[in-house]
Amino acid sequence: MKQLLLQIFTWWNGQTMGTRFFTWRHGKRVGEDEFGNVYYEGPMTSWGQPKRWVIYNGYADASKIASGWHGWMHYRTDTPPSKEDYKPREWEKGHRPNQTGTAAAYRPQGSISTTGERPRVTGDYDAWTPGS
């Protein structure tokens, strides 16, 4: 019952009922990545290309799309990684979850969230002060 309610009222915990129905009616499974995300292709869009979408395994986080699948999702290639021997290039980074709001988030020196002062400004910049 809990799973049914989550599918009806949330979109960030996997697919909704609408997406499940659309995928059942029109989706053709294309492949799956190492994170368990499943990729689908469907009817033509208004610009003449097939619709492509992903059903995330767990929390919906767009950064969880593998680099090979990212190109396919954005129509940079017509061949999905499941139909070719795709190997990531050495400069392609693996998935790292979004760190915003965690202790591992990026906090530059001088930020409100950290200690220390902001580096001094150089050049011809004069800060505005009220009344000047």
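Which side chain meets that of Asp-78 in a salt bridge? The side chain of Arg-52 does, with a separation of 3.6 Å from N to O. The legends below describe this pair and other parts of the predicted model.

**View 1. Overall arrangement of the protein chain.** The predicted model contains three helices and three strands. Read from the N terminus, these elements follow the order α-α-β-β-β-α. The C-alpha trace spans about 65 × 40 × 30 Å along its principal axes. The radius of gyration of the protein chain is 22 Å, whereas a compact globule of 132 residues would have a value near 14 Å. Of the 132 residues, 27% are buried. The accessible surface amounts to about 10400 Å², and carbon and sulfur atoms account for 55% of this area. Of the contacts between residues at least 6 apart in sequence, 37% join residues at least 24 apart.

**View 2. Strands E1 and E2 and the hairpin that they form.** Strand E1 covers residues 28–32 and is joined to E2 by four bridges, the two strands running antiparallel. Within this pairing, Arg-29 has Tyr-40 of E2 as its bridge partner. Five residues lie between the strands of the hairpin, and Gly-36 adopts a positive phi near 90°. Strand E2, residues 38–44, is mostly covered, with five of its seven residues buried.

**View 3. Strands E2 and E3 and their turn.** Strand E3 comprises residues 50–55 and pairs with E2 in the antiparallel sense over five bridges. Met-44 has Pro-50 in E3 as its bridge partner. The hairpin of E2 and E3 also has five residues between its strands. In the turn, Gly-48 shows a positive phi of about 85°.

**View 4. The salt-bridge network around Arg-52.** Glu-41, Arg-52 and Asp-78 are linked in a network of salt bridges. Arg-52 counts as buried because its relative accessible area is 11%, under the cut-off of 20%. Asp-78 counts as exposed because its relative accessible area is 61%, over the cut-off of 50%.

**View 5. Two further salt bridges.** The structure holds four salt bridges. Side chains of opposite charge can pair when their charged atoms come close. One of the salt bridges joins Glu-32 and Arg-29, whose closest N and O atoms are 2.6 Å apart. Glu-32 is partly exposed, at 44% relative accessibility, and Arg-29 is partly exposed with a relative accessible area of 48%. In another salt bridge, the side chains of Lys-87 and Asp-85 meet at 2.5 Å, N to O. Both Lys-87 and Asp-85 are exposed.

**View 6. A nonpolar surface patch at helix H1.** Met-1, Leu-4, Leu-5, Ile-8, Phe-9 and Met-17 make a nonpolar surface patch of about 640 Å². Helix H1, residues 2–9, contributes the largest share of this patch, namely four residues. Met-1 is located in the segment before H1. Met-1 counts as exposed because its relative accessibility is 73%, over the cut-off of 50%.

Notes
Residues numbered from 1 in each chain as written. Predicted model: local features only at pLDDT ≥ 70, side-chain atom pairs only at ≥ 80, totals over all residues. Heavy atoms only, no water. Buried < 20%, exposed > 50% of the residue type's maximum accessible area, 1.4 Å probe, protein only. Pairing = 2+ DSSP bridges. Patch = residues over 30% accessible without salt bridge, like charges linked within 9 Å, V, L, I, M, F, W, Y side chains within 5 Å. Areas by Shrake-Rupley, 256 points an atom, 1.4 Å probe, with all protein chains shown as cover. Rg over C-alpha atoms; globule rule 2.2 N^0.38 Å. Contact = heavy atoms within 4.5 Å.
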